Amino acid sequence: MNVSDIVKELDLTVFTGEDYLSREIYGGYVSDLLSDVMGFSSEGDVWITLQTHKNVMAIASLKEHAAVILVKGFKPDQDTINHAAEEGIPILGTHKKTFEISGELYSLLKK
Amino acid sequence: MKLEFAISGGDFSRAGIASSEVKKMLKKINVEPKIIKRVVVALYEAEVNVCAHAYKGNIFVEIDGTKIKIDIIDKGPGIENIDEAMKEGYSTASDAVREMGFGAGMGLSNMKKNADEMSLESKVDEGTKVTIINYLK
């Protein structure tokens with residue numbers, strides 16, 4: 001499954017990274033603690049979070065995440081968008097809460 | 001190979017730059033991805049620690065054929081109780097830093113887990129020196 005599949009299936013907003021939606025997804029990680037994500041997420045994960053600042057992209061890029069999903073209608077800061085564009089990692093968004101979107105992504109990835 | 005980076009305390013916008021450069025460098029010399037990932041986690045946490053706690057710091061990276069050695073030296077408040085600081089969940093980070101999702105008290109333990117060797121020296125009101133070593137083979 002790649003990022004464009006989940007954008008379609010979960011009706012996600014694409015804030016940036018239109019050109020990188022072919023990135024392959026291997027799993028997901030849900031956390032707002034950056035050290036937790038740094039220490040325990042994996043390459044190819046979709047990271048679900050409510051953090052919107054630039055350091056999110058530093059971590060997503062160092063960990064080679066497939067994409068980031070911001071929850072509850074949060075929008076990325078402008079410098080986060082700029083950094084994401086440089087790194088080629090899509091930032092996606094949903095109005096759903098973390099629990100709901102995580103459950104939906106989990107079911108989708110398990111198929 | 002040697003690399004050097006400067007960090008200013010409080011400036012989170014630059015956190016991750018050293019990690020990203022070191023990652024590129026290790027990729028270029030064909031180090032195993034598994035090893036690169038460990039180095040990157042340890043170094044990123046070190047960068048964030050300087051941003052979150054110190055006034056300023058420098059990172060010195062040395063890569064030879066067998067290992068990467070990174071010294072992170074800061075001027076700052078130092079660490080009063082290193083044993084306590086090493087405990088997972090212990091943090092002295094400010095509320096502002098915590099709101100960003102940092103300061104969960106996992107930084108030093110992430111570093112210890114991901115470095116092959118790690119040492120930490122600190123003097124209160126002077127600063128802290130962390131050394132991490134990872135073997136490349």
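Predicted model: local features only at pLDDT ≥ 70, side-chain atom pairs only at ≥ 80, totals over all residues.
Student: OK, Asp11(A) isn't a glycine. What is its phi?
Tutor: Asp11(A) has a positive phi of about 55 degrees. Most residues other than glycine have a negative phi.

Student: Where does Asp11(A) sit, and is Asp11(A) buried or exposed?
Tutor: Asp11(A) is in the loop between helix H1 (3-9) and S1 of chain A. Its relative accessible area is 66%, so Asp11(A) counts as exposed (over 50%; buried is under 20%, partly exposed is in between, with a 1.4 Å probe and protein chains only).

Student: And Lys72(A), what phi there?
Tutor: Lys72(A) is not a glycine, yet has a positive phi of about 55 degrees. Lys72(A) belongs to the loop between strand S4 (67-70) and H4 of chain A. With a relative accessible area of 44%, Lys72(A) is partly exposed.

Student: Back to the helix. Which residues of H4(A) are buried?
Tutor: In helix H4 (residues 78-87) of chain A, Thr80(A), Ile81(A), His83(A) and Ala84(A) are buried. Seen down the axis of H4(A), they fall within an arc of 165 degrees, so they line one face of the helix. The arc is taken over the directions from the helix axis to the C-beta atoms.

Student: What's on the other side of H4(A)?
Tutor: Gln78(A) and Glu86(A) are there, and they are exposed.

Student: What do the buried residues of H4(A) pack against?
Tutor: They pack against strand S1 (13-16), helix H3 (55-62) and strand S5 (91-93) of chain A.

Student: Take Thr80(A). Why does it count as buried?
Tutor: Thr80(A) counts as buried because its relative accessibility is 2%. Leaving out residues up to four places away in sequence, Thr80(A) touches Thr52(A), His53(A), Lys54(A), Met57(A) and Ile91(A). Contact means heavy atoms within 4.5 Å.

Student: Switching topic: how many residues of each chain are in contact with the other?
Tutor: Chain B has 21 residues in contact with 19 residues of chain A. The two chains bury about 1,600 Å² between them, 57% of it on carbon and sulfur atoms. Buried area is the accessible area (1.4 Å probe) lost on putting the two parts together, summed over both.

Student: How many salt bridges cross the interface?
Tutor: The rule (a side-chain nitrogen of Lys or Arg within 4 Å of a carboxyl oxygen of Asp or Glu) finds 3 between chain B and chain A. Glu43(A) and Lys37(B) meet through their side chains in a salt bridge, at 2.7 Å, N to O.

Student: Which elements of chain B give two or more residues to the side touching chain A?
Tutor: Helix H1 (17-28), helix H2 (33-53) and helix H5 (107-114) of chain B do. H2(B) gives the most, with 5 residues.

Student: Last one: what does Leu33(A) touch?
Tutor: Leu33(A) touches Gly101(B) and Ala104(B), again not counting residues up to four places away in sequence. Leu33(A) is in the loop between strand S2 (27-30) and helix H2 (34-40) of chain A. Its relative accessible area is 38%, so Leu33(A) is partly exposed.

Note on methods. Residues numbered from 1 in each chain as written. Chains lettered and ligands numbered in written order. Heavy atoms only, no water. Helix = DSSP H or I, 4+ residues; strand = E, 2+ residues; numbered from the N terminus.
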